[in-house]
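This report describes the surface, fold and selected residues of a protein model. The structure is shown first, and the description follows.

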Amino acid sequence: MSENKQSEIIRTSLDSIKTILDANTVVGEPIVTPSGTTLIPISKITVGYASGGLDYLKKDTPVQNGKPVYNNFGGGGGTGLTVSPVAFITIDADGKTDILNINAPVTAEDTVSRVISLIENSPSLVEKLKAAFSKK
């Protein structure tokens, strides 16, 4: 009896995870700036899952062929999901592509020059990024 219920718990949990995750979770929707630069957010997904269950006896559990008939089941499951932005693919109006890695160790000068370049090329870039990552 518990195998079916445990399978149901796992199936339900995995179906829930599938509804949250899709290709747009890893590779986000492109953001096109007025200057023609396209930004594509790239994210890392981490999923943790655990479930468990057991059959248990009641005081009045029936006995069949000298063995108790387990007719009670208790179980549960849990899932943790983290989506972390790791990079942006940038494509400028001329088709030049670049990857802006959020976690890569770079010099302060390089980071500042990239940020200044993006801001100069698109005055509304900051607002579009805020809108893309704000809770709806």
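## Surface and burial

The accessible surface of the protein comes to about 9,700 Å², and 56% of this area belongs to carbon and sulfur atoms. Accessible areas come from the Shrake-Rupley method with a 1.4 Å probe, and for residues only the protein chains shown count as cover. The model is a predicted one, in which local features need pLDDT of at least 70 and side-chain atom pairs count only at pLDDT 80 or more, while totals for chains, interfaces and linings use all residues. Residues are numbered from 1 along each chain as its sequence is written, and side-chain values use heavy atoms, with hydrogens and water left out.

Of the 136 residues, 18% count as buried. Here buried means under 20% relative accessible area, exposed means over 50%, and partly exposed lies in between (1.4 Å probe, protein chains only).

## Overall architecture

The secondary structure comprises four helices and six strands, arranged along the sequence in the pattern α-α-β-β-β-β-β-β-α-α. Helices (H or I, at least four residues) and strands (E, at least two) are DSSP runs, numbered from the N terminus. Among the contacts in the protein with a separation of 6 or more, 58% are accounted for by residues 24 or more positions apart; a contact means heavy atoms within 4.5 Å.

## The four-stranded sheet

Four strands form an open sheet in the order β1-β2-β5-β6, with antiparallel pairing. Its edge strands are β1 (31-32) and β6, each of which pairs on one side only. Two strands are taken to pair if DSSP finds at least two bridges between them.

Strand β2 (residues 38-56) pairs with strand β5 (residues 72-91) in the antiparallel sense over 19 bridges. Phe88 and Ile40 are 48 residues apart in sequence, yet their C-alpha atoms are 5.4 Å apart in space. Phe88 belongs to β5 and, at 12% relative accessibility, counts as buried.

## The β1-β2 hairpin

Strands β1 and β2 pair in the antiparallel sense over two bridges, and in β2 the bridge partner of Val32 is Thr38. Their hairpin has five residues between the strands, and within it Gly36 takes a positive phi near 95°. Thr37 is placed in the loop between β1 and β2. This residue is buried, with a relative accessible area of 9%, and a polar contact of 3.5 Å joins its side chain to that of Ser35. A polar contact is a pair of N or O atoms within 3.5 Å; within protein, one must be able to donate a hydrogen and the other to accept it, and residues adjacent in sequence count only if both atoms are side-chain atoms.

Thr38 lies in strand β2. With a relative accessibility of 16%, Thr38 counts as buried. Leaving aside neighbours within four places in sequence, Thr38 is in contact with Pro30, Ile31 and Val32, and also with Ile89, Thr90 and Ile91.

## The β5-β6 hairpin

Strand β5 also pairs with strand β6 (residues 97-101), in the antiparallel sense and over five bridges. In this pairing Ile89 stands opposite Ile99 in β6. The hairpin of β5 and β6 has five residues between the strands, and Gly95 takes a positive phi near 95° there.

Leu100 is a residue of β6 and is partly exposed, with a relative accessible area of 24%. Leu100 and Arg114 are separated by 14 residues in sequence and by 8.4 Å in space, C-alpha to C-alpha.

## A nonpolar surface patch

Ile20, Val47, Leu81 and Val83 make a nonpolar surface patch of about 310 Å². Patches are made of residues with over 30% relative accessible area and no salt bridge; like charges are joined within 9 Å, and nonpolar side chains (Val, Leu, Ile, Met, Phe, Trp, Tyr) within 5 Å. A salt bridge is a side-chain nitrogen of Lys or Arg within 4 Å of a carboxyl oxygen of Asp or Glu.
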